[in-house]
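Welcome! Here is a friendly briefing to read alongside the structure. Have the view open as you go through the points.

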Amino acid sequence: MKKQNLVIVGGGSTYTIGMIMSLIEEKKQFPLRTITFYDTNQQRQEKIAKAVDIILHEKYPELESFSWTTDKETAYRDADFVFVQIRTGGLAMREKDEQIPLKHGVVGQETCGPGGMAYGFRSIGDMIKVVEDIRTYAPDAWILNYTNPAAIVAEALQRQFPHDKKILNICDMPAAIMVSYAKILGKEIWDLVPEYFGLNHYGWFTDIYDKQGNRLTDDIKRAITEDGFIPEDSEIVNDPSWIKTFKQVEVMLNDYPEYLPNTYLQYYLYPSDMVDKDDVENTRARQVINGREKRVHTLSEQIIEDGSTKNVELEVDIHGRYMIRVAASLAYNQGETYIVIVKNNGIISNIQDDAMVEVPAALTAQGPKPYAVGEIPTFYKGMIEGQLAFEKLVVDAWFEKSYNKLMQALTLNRTVIDAPKARAILDDLIEANKDYWPTLTKKKAYTP
Ligand SMILES: NC(=O)c1ccc[n+]([C@@H]2O[C@H](COP(=O)([O-])OP(=O)(O)OC[C@H]3O[C@@H](n4cnc5c(N)ncnc54)[C@H](O)[C@@H]3O)[C@@H](O)[C@H]2O)c1
Ligand SMILES: O=P(O)(O)OC[C@H]1O[C@H](O[C@H]2[C@H](O)[C@@H](O)[C@@H](O)O[C@@H]2CO)[C@H](O)[C@@H](O)[C@@H]1O
Ligand SMILES: [Mn+2]
């Protein structure tokens, strides 16, 4: 089995240590020769990298080298796989993405509604640059991107690099949900075969089977409606915000019993409830700053101080394991089925071909081979087409530097709808993002 050279872009991410633990757990499935971190923030990356160095010495002695750098050529040359997990503007800007819409009575969420639009507008430029840099030094490397908002990033990358067949955008949410299904069924997530369609953070499981072909969907629906639904992945199992989010799945399933919803649909189906439950002084970003970010940094400091992992608890999570299993299937032509983001091209036959859809695909050395979904019912088609138009308009707006397209995008988003609200939120977001967004041109109805 060929050993891979892996680069992690955004080495300073709060997800990196979890990813490293997952690489250790999955080393037989995805053996590595080298790991290199690349980040634009030397200090933030070093905090994590110094601890990772100790973890790897203890738990991955066969690894030939681990290094971290802010130099692109050093990072990318000889890479086989590049995992990209950047956050332009950091958690500080995430907080603004959440607070600004909320102040206008609209859902404040990092990947949904106006917050997702703002974050997308920051991510697109940096992601294009990252891909260009990788291709300069590693033209054949697989690029697995999970930088958010993945739907908007995927659409932008598809437009900018239409012939690049080795960029794959992925989200861990369907897998995290499947971890909970697996627990209900007394199985392992890897025993389950999903049927799923939608856009990123906007989809439905139509069925769940096991590898022997038994249909398990009704067992899951019965359990959720009778006993509720809770997160089971280690990263989120005790997190009150995620517990609340999973609880909402039961409500969604009772209102729309046909398919099993992605948790993110709560923001589009219950926007008023989401606004009412939120606290502008303590949105999710603030919880993450005081929670995951603090926890990860404290953990790193402890490891560095001790020169070992003896006083810390290190956990493997589905986020890392999922990305790694996807990479292994591509690297070793395993043809395993995972839910990924690909160009529609007729997979969902009654929506446009150029949509970036999230569906199960067999992952081979030649790339994802998605399974046909066929025609989807009117409700889902209507929901998807509205959201798709929003995502496409955001990307149009970025390439055309158009204020008017962003106004159209927000007006179409289910969380906004109202033109005066769209205008007010957009103007506030422009002001808050002046260091990140391109300057926009605003067309008037009539220019004398
Ligand atoms: N797709 C998914 O399902 C999924 C799941 C989890 C996290 N994510 C995404 O992963 C990313 C990381 O999240 P986080 O909370 O750990 O953020 P974070 O801010 O802790 O980490 C991001 C890192 O990227 C670095 N960075 C920023 N811009 C960069 C650039 N242009 N080039 C190189 N490095 C750069 C930052 O310095 C930072 O160290 C986010 O985009 C988040 O939304 C996606
Ligand atoms: O609010 P956050 O920062 O805690 O989470 C935002 C991300 O949420 C999803 O990822 C989950 C993932 O599903 C779960 O398995 C575990 O690893 O935690 C992650 C979040 O903590 C979502 O898919 C991502 O796109 C979001 O970035
Ligand atoms: Mn996601």
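Ligand 2 has 13 residues around it, and Met173, Ala176, Asp233, Glu235 and His319 are the ones that come nearest. Please keep in mind that this is a predicted model.

**The shell around ligand 2**
- Three helices, α7 (173-185), α12 (284-306) and α13 (318-331), each contribute at least two residues to the shell around ligand 2.

**Backbone features to look out for**
- Most peptide bonds are trans, and most residues other than glycine have a negative phi.
- One cis peptide bond runs from Asn148 to Pro149, with omega near -10 degrees.
- You can find Pro149 in the loop that links β5 (142-145) and α6 (150-160).

**Two residues with positive phi**
- His201 is not a glycine, yet its phi is positive, at about 55 degrees.
- The loop between β7 (192-199) and β8 (202-210) is where His201 lies.
- His201 counts as buried because 25 other C-beta atoms lie within 10 Å, and the cut-off for buried is 20 or more.
- Ile417, also a residue other than glycine, has a positive phi near 70 degrees.
- Look for Ile417 in the loop between α15 (403-412) and α16 (419-432).
- Ile417 is partly exposed, since it has 13 other C-beta atoms within 10 Å, while a residue counts as exposed at 12 or fewer.

Definitions and conventions. Residues numbered from 1 in each chain as written. Chains lettered and ligands numbered in written order. Predicted model: local features only at pLDDT ≥ 70, side-chain atom pairs only at ≥ 80, totals over all residues. Helix = DSSP H or I, 4+ residues; strand = E, 2+ residues; numbered from the N terminus. Near = placed C-beta within 6 Å.
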